[in-house]
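Here's a quick briefing to read with the structure open beside you. Take a look around first, then come back for the guided points.

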Amino acid sequence: MSGAVEARLAELGLTLPEVVPPLAAYQPAVRSGPYVYTAGQLPMVDGKLPVTGKVGAEVTPEEAKGLARTCALNALAAVKSVAGDLDRIARVVKVTGFVASAADFTGQPGVVNGASELLAEVLGDKGVHARSAVGVAVLPLDAPVEVEIQVELTDAA
């Protein structure tokens with residue numbers, strides 16, 4: 001099923017990817033009442049990380065911002081896997097971004113803007129959200145960034 005949100009993705013030259021399979025014992029997304037919570041989404045493309053390492057060392061902040069955008073796209077795929085249709089998103093409630101950071105890197109908010117900006121481009125006002133951007137020592141598979149989102153769904157199927 002493809003609706004207005006997926007049409008907007010196409011206008012932006014983006015395609016909703018397949019849901020990234022879990023790396024461990026969890027689900028990519030779960031629904032509780034009107035909310036969908038995604039697991040942390042890595043910037044996987046065709047089953048692989050395009051780059052690994054720490055932001056501010058092996059990975060530039062600009063590269064990491066693009067990777068955060070990929071994470072958000074993967075998160076939307078996870079939402080669709082339980083919601084059935086992205087047009088059911090009433091709003092993105094919260095985004096949490098984790099940035100594997102070099103010891104002196106403090107630009108985590110700019111990196112996570114990649115995810116926030118994608119959600120706003122795709123969903124408009126429904127994509128505006130609360131957010132945390134956290135620097136961490138290391139992420140799974142040595143990914144530079146990981147993003148999770150929580151969305152509220154409308155009642156209509």
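At what angle do helix α2 and helix α3 pack, and how far apart are their axes? In this predicted model, the angle is about 45° and the axes are 7 Å apart.

- Helix α2 covers residues 61–83, and helix α3 covers residues 108–123.
- The crossing of α2 past α3 is right-handed.
- A salt bridge joins the side chains of K65 and E117, at 3.1 Å from N to O.

**Other salt bridges**

- The structure holds five salt bridges, including the K65 and E117 pair above.
- Another one brings together the side chains of D142 and K54, with 3.8 Å from N to O. D142 belongs to the loop between β4 and β5 (145–153), while K54 belongs to the loop between β2 (35–38) and α2, so this pair ties together parts that are 88 residues apart in sequence.
- D142 is partly exposed at 29% relative accessibility, and K54 is partly exposed at 22%.
- E11 and R8 also meet through their side chains, in a salt bridge of 3.0 Å from N to O. Both lie in helix α1, three residues apart, which is about one turn of the helix.
- E11 counts as exposed because its relative accessibility is 61%, above the 50% cut-off. R8 has 28% and is partly exposed.

- L23, Y26 and L141 make a nonpolar surface patch of about 280 Å².
- You'll find L23 in the loop between α1 (4–11) and β1 (29–32).
- L23 is partly exposed, with 48% relative accessibility.

**A glycine pair**

- G135 is part of strand β4, which spans residues 130–136.
- With a relative accessible area of 41%, G135 is partly exposed.
- G135 and G97 are 38 residues apart along the chain, and their C-alpha atoms are separated by 8.5 Å.

Methods. Residues are numbered from 1 along each chain as its sequence is written. This is a predicted model: local features need pLDDT of at least 70, side-chain atom pairs count only at pLDDT 80 or more; totals for chains, interfaces and linings use all residues. Side-chain values use heavy atoms; hydrogens and water are left out. Patches are made of residues with over 30% relative accessible area and no salt bridge: like charges are joined within 9 Å, nonpolar side chains (Val, Leu, Ile, Met, Phe, Trp, Tyr) within 5 Å. Accessible areas come from the Shrake-Rupley method with a 1.4 Å probe; for residues, only the protein chains shown count as cover. A salt bridge is a side-chain nitrogen of Lys or Arg within 4 Å of a carboxyl oxygen of Asp or Glu. Helices (H or I, at least four residues) and strands (E, at least two) are DSSP runs, numbered from the N terminus. Buried means under 20% relative accessible area, exposed over 50%, partly exposed in between (1.4 Å probe, protein chains only). Axes are lines fitted to C-alpha atoms, for helices over the stretch in contact, and angles run from 0 to 180 degrees between N-to-C directions. A crossing is left-handed if the near helix is turned anticlockwise from the far one by less than a right angle, and right-handed if clockwise.
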